[in-house]
Amino acid sequence: MKKIIFMLTTSLLLAACTGNQNKADTAAIECDLDLETFQFQVDRFADIEILRYPVLGFNSLSLQQKQLISFLSQAALEGRDILWDQHNRYNLTIRRVCEAIYENFMGNRTTEDWQNFETYLKQIWFHNGIHHGTSEEKIMPKFSREYFIATVRSVDPGRMPFRDGMAAQETLDVIIPVMFDPNVMSRRMNQTAGADLVATSAVNFYEGVTQKEVEDFYNAMKNPNDPTPVSFGLNSKVVKVDGVITEQVWKVGGMYDRAITRIVNWLEQAAEVAENNVQKDVINTLIEYYRTGSLKTFDEYSIKWVSDLDSRIDFLNGFIEVYTDPLGMKGTWESLVNFKSTEASKRTAIISDNVQWFEDNAPIDDRFKKDEVVGVSAKVVTVAQLGGDLFPSTAIGINLPNSNWIRRDHGSKSVTMDNIMLAYTKASESNGFAEEFMWNEEVIERSKKYGGLTDLLHVDLHETIGHGSGKLLPGTDVDALRAYGSPLEEARADLMSLYFMADPKMVELELLPHADAHKAQYYRYIMNGAITQLTRVQLGRDIEQAHMRGRALIANWVLNKGKEDNVVELVVRDGKTFVVVNNYEKLRTLFGQLLTEVQRIKSEGDFEAGKNLMETYGVKVDRKLHEEILTRHTALNLAISRGFVNPTYRLVTDANGNVTDVTISYDEDFKTQQLRYSMQFSVLPLMN
Ligand code: ZN
């Protein structure tokens with residue numbers, strides 16, 4: 001439930017390390033790359049742009065740290081196919097057939113059909129499957145099924161990934177409706193109120209069971225009096241065998257055995273070069289969890305992970321986020337390898353040191369406040385590798401673990417990914433977005449001046465005092481809000497950030513340079529939530545993604561409540577809709593009011609109120625406005641989604657086989673990297 005995705009595409013002014021000349025020592029160490037010549041842009045297709053992120057500071061790490069990063073990076077890539085299979089059971093087959101065509105097709109590669117085929121393959125690479133990662137809709141090929149069949153037939157069958165005992169025709173019979181029929185597996189995750197969310201979702205978390213059966217199955221396991229429950233259902237698929245509902249656990253020897261075994265092998269090598277014993281213990285506990293599948297061991301691992309604050313290098317590897325499960329239980333596989341950016345972490349250290357002050361002064365009922373906020377640790381990191389659900393498209397911040405009681409008793413770790421944000425900023429400089437969507441010069445200028453800084457701060461605040469704050473009343477079921485839980489939690493975290501960003505405390509703590517700076521964030525936030533994020537929604541569709549629902553809820557709610565006092569409004573000028581903020585002070589009050597209510601809903605588990613709030617403000621889209629925004633945005637010809645290629649690490653050895661260095665290179669383009677990953681990291685059977 002705890003990640004944030006970067007949405008704004010205005011040009012930002014971000015303090016890259018080049019702007020840090022007076023701190024020559026640190027700057028020199030952190031800046032081992034020439035950012036002026038670094039190629040941030042890699043590829044552009046459909047509505048997608050692929051970027052590169054620079055791993056600033058890698059060369060200043062010790063040899064042991066570099067080796068650790070390279071082993072963890074291998075482990076980060078081994079789980080790629082797990083995620084593909086989790087998203088849909090036909091994904092791996094479709095991808096492998098398409099890749100075989102792409103590599104072996106001897107026909108004409110200049111036709112429109114071929115171009116459309118290539119775009120489709122890149123799209124499914126980007127979304128880790130045949131469904132769109134934001135809208136959840138199936139990606140419909142722009143080439144015909146006849147063209148596809150003819151292309152498959154033209155390729156040497158020996159080069160096609162057809163399974164033993166399953167002829168080409170049989171494979172095609174299975175995948176063609178899945179690819180081309182709009183009614184077959186049309187949505188990866190369905191959240192439509194009233195539907196059987198399990199039966200109508202194409203994710204591969206359930207098979208042959210109804211939503212009711214799954215809910216009964218897990219409710220029977222839950223003990224409402226257990227103060228430290230495991231995350232039920234996090235690492236398994238639910239199936240019915242001979243009429244009995246059972247879990248297929250994702251572990252060594254279980255489902256996804258081959259990929260998980262390889263992950264474990266790399267983790268074992270990583271443990272050998274761990275920076276210290278605490279980190280070694282974290283890695284070994286994770287290995288133990290992968291071997292046993294025990295969710296109790298996963299909790300032990302999470303507690304050790306959240307307590308490891310001294311290691312420079314850190315990583316995630318496992319079944320973590322539950323966004324893609326319509327019932328919010330099943331973790332998609334993801335990985336992140338990073339190391340602490342010492343200079344930038346000073347910013348988040350200030351927030352962490354004051355976290356109790358924020359809790360005490362939050363506009364939420366005292367009954368829902370934590371008496372003592374436990375160890376919200378915040379740091380700014382440099383990303384070294386992305387994997388699974390964080391690749392190619394990534395969050396820019398994370399706050400984990402997700403387990404409520406671990407967060408309550410042991411705190412959480414909050415991470416902001418500076419080099420990812422830097423890449424976004426560099427790729428967005430002067431693309432015309434601000435000029436098109438912002439109301440006037442004053443707003444644009446303020447955004448240029450403070451937008452980048454307040455974006456970074458917003459992520460920090462969202463993760464630390466946002467997700468880190470508040471508590472459930474005793475006895476409240478953590479899953480009480482069901483599908484509304486994730487978007488309401490994202491809204492709550494955003495509201496904490498927005499409310500405090502305007503507090504004089506921000507300037508006092510030197511987190512913001514000027515009392516006006518927060519206005520840049522306020523304007524950008526409402527513009528994004530009410531208007532510009534609609535560029536990521538298909539015309540005629542609802543808003544689906546949790547963070548987007550949270551933002552829409554906040555923006556539309558304040559626009560509605562702010563009418564009366566003329567606080568904030570949508571104004572149409574020359575047929576174009578703009579956000580106009582008339583009173584920033586009262587806007588802050590409104591954010592505070594909504595925060596009070598959202599916190600109450602969460603703490604009490606008030607499903608009806610949560611549903612009502614979300615369905616009223618966070619889901620539906622005004623069609624006329626939507627059409628207008630899409631037209632304006634299309635005219636700018638900007639990408640809507642952005643993702644990355646990873647750097648490659650190579651061990652350098654001497655004549656005796658001893659590792660003498662680890663090099664980093666940035667030379668792969670998107671398709672080369674995806675094809676290489678498919679070759680190197682594909683070990684799972686087709687159609688699990
Ligand atoms: Zn979040």
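User: Hi! Which residue stands opposite Gly643 in S14?
Analyst: That is Ile50. Keep in mind that this is a predicted model, where local features need pLDDT of at least 70, side-chain atom pairs count only at pLDDT 80 or more, and totals for chains, interfaces and linings use all residues. Residues are numbered from 1 along each chain as its sequence is written, and side-chain values use heavy atoms, with hydrogens and water left out.

User: Thanks! How many bridges join S3 to S14?
Analyst: There are 5 bridges, and the two strands run parallel. Two strands pair if DSSP finds at least two bridges between them. The labels come from DSSP runs numbered from the N terminus: helices are H or I with at least four residues, strands are E with at least two.

User: In what order do the strands form the open sheet?
Analyst: The order of the 3 strands is S2-S3-S14, with mixed pairing. S2 (41-45) and S14 (641-645) are the edge strands, each pairing on one side only. On average, neighbouring strands are turned by 25 degrees against each other, direction ignored.

User: And in which sense do S2 and S3 pair?
Analyst: Antiparallel, over 4 bridges, with S3 covering residues 48-52. Gln41, for instance, has Leu51 in S3 as its bridge partner.

User: Which helix packs on the sheet, touching S2, S3 and S14?
Analyst: Helix H15 (residues 418-428) does, and its direction makes about 120 degrees with that of S14. Contact here means heavy atoms within 4.5 Å. Axes are lines fitted to C-alpha atoms, for helices over the stretch in contact, and angles run from 0 to 180 degrees between N-to-C directions. Helix H25 (residues 670-680) also lies across S2, S3 and S14, at about 90 degrees to S2.

User: How many residues of S14 are buried?
Analyst: 5 of the 5, so S14 is largely enclosed by the rest of the structure. Buried means under 20% relative accessible area, exposed over 50%, and partly exposed in between (1.4 Å probe, protein chains only). Ser641, Gly643 and Val645 point one way from S14, while Arg642 and Phe644 point the other way.

User: New topic: what are the protein donors of the zinc ion?
Analyst: His462 (NE2), His467 (NE2) and Glu490 (OE), at 2.0 to 2.1 Å. Their spacing in sequence is H-x4-H-x22-E. His462 sits in helix H17 (residues 441-466) and Glu490 in helix H18 (residues 485-501), 28 residues apart. Donors are N, O and S atoms within 2.8 Å of the metal (3.2 Å for Na, K and Ca); water is not among the atoms, so sites may look incomplete.

User: Is His462 buried or exposed?
Analyst: Buried, because its relative accessibility is 0%. Glu490 is buried as well, at 1%.
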